[in-house]
Amino acid sequence: MASLARLSRKALTSSLSSHRHLLSRALATEAAVKVTKSSPPPAQSITECPDRVKWDYRGQRQIIPLGQWLPKIAVDAYVAPNVVLAGQVNVLDGSSVWNGAVLRGDLNKITVGFCSNVQEKCVVHAAWSSPTGLPAETMIERFVTVGAYCLLRSCTIEPECIIGQNSILMEGSLVETQSILEAGSVLPPGRRIPTGELWAGNPAKFVRKLTHEETLEIPKLAVAINDLSKEYFNEFLPYSTVYLEVEKLVKSHGISI
């Protein structure tokens with residue numbers, strides 16, 4: 001009787017263990033199915049088209065084409081790296097545009113003439129048209145020095161002139177050849193500075209006639225700034241200057257080539 005009880009207890013224990021094993025497997029399978037259903041589908045790989053243009057919008061663009069108009073820079077002209085040229089802008093031979101200047105040729109043409117310079121933080125713009133019939137484009141002719149922080153809009157500056165810093169030249173204004181506009185002056189719309197005169201004030205008014213010696217110094221200033229721009233221009237040579245460091249290293253180690 002005792003042996004029969006032991007055999008029945010052993011059989012009951014084995015059957016329970018087998019059922020427990022099957023139950024745990026069933027629960028594990030059901031949990032795996034639930035996890036599979038709840039997890040998102042794997043991401044599909046996207047093949048990039050080889051014809052797609054790769055633009056980099058992280059950095060500031062120096063040259064901004066607008067429609068059919070692309071800014072044109074002469075080979076020997078210096079344009080600082082953080083200058084913005086947009087649309088109908090022509091920077092001619094020997095001229096220079098310095099740090100932070102913005103030349104917006106989106107409405108009309110802007111020209112920086114031979115050996116002229118537009119200095120730091122200047123803004124040059126042009127209107128669609130002039131209601132007075134005066135030229136709407138902005139023309140800076142040869143040997144002109146435009147000081148820092150100037151604002152020029154649809155004006156004409158003839159050869160060999162100096163525009164002092166922080167000056168404003170409004171629509172239709174004209175500065176004739178061999179003239180000087182003092183710093184901080186405002187030239188109203190349609191106002192003309194005759195040849196060989198010094199103007200100043202807000203609004204700008206006639207101060208005096210320039211001497212012969214002063215008129216001779218005007219192009220010399222433009223040439224001096226042009227020479228200075230070449231020092232900056234040499235920092236951006238297309239072939240770099242690494243070869244100088246290589247030659248210095250070879251010489252220090254006594255290597256013969």
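Student: Is Tyr232 buried, partly exposed or exposed?
Tutor: Tyr232 is partly exposed, with a relative accessible area of 39%. Buried means under 20%, exposed over 50%, and partly exposed in between, with a 1.4 Å probe and protein chains only. This is a predicted model, where local features need pLDDT of at least 70, side-chain atom pairs count only at pLDDT 80 or more, and totals for chains, interfaces and linings use all residues. Residues are numbered from 1 along each chain as its sequence is written, and side-chain values use heavy atoms, leaving out hydrogens and water.

Student: And Tyr78, buried or exposed?
Tutor: Tyr78 is buried, at 3% relative accessible area. Trp98 is buried too.

Student: How many aromatic pairs are there?
Tutor: Four. Rings of Phe, Tyr and Trp (its six-membered ring) pair if their centres lie within 6.5 Å; planes under 30 degrees apart are stacked, over 60 edge-to-face, the rest tilted.

Student: Why is the pair of Tyr78 and Trp98 edge-to-face?
Tutor: Because their planes stand at 65 degrees, with the ring centres 5.4 Å apart. Tyr78 is in strand β3 (residues 78-79), and Trp98 is in the loop between β5 (96-97) and β6 (102-112), 20 residues apart. Helices (H or I, at least four residues) and strands (E, at least two) are DSSP runs, numbered from the N terminus.

Student: What about Tyr78 and Tyr232?
Tutor: That pair is tilted: 5.9 Å centre to centre, 40 degrees between the planes. Tyr232 lies in helix α2 (residues 212-233) and Tyr78 in strand β3, so the pair ties together parts 154 residues apart in sequence.

Student: Which residues make up the cluster?
Tutor: Ring pairs link Tyr78, Trp98 and Tyr232.
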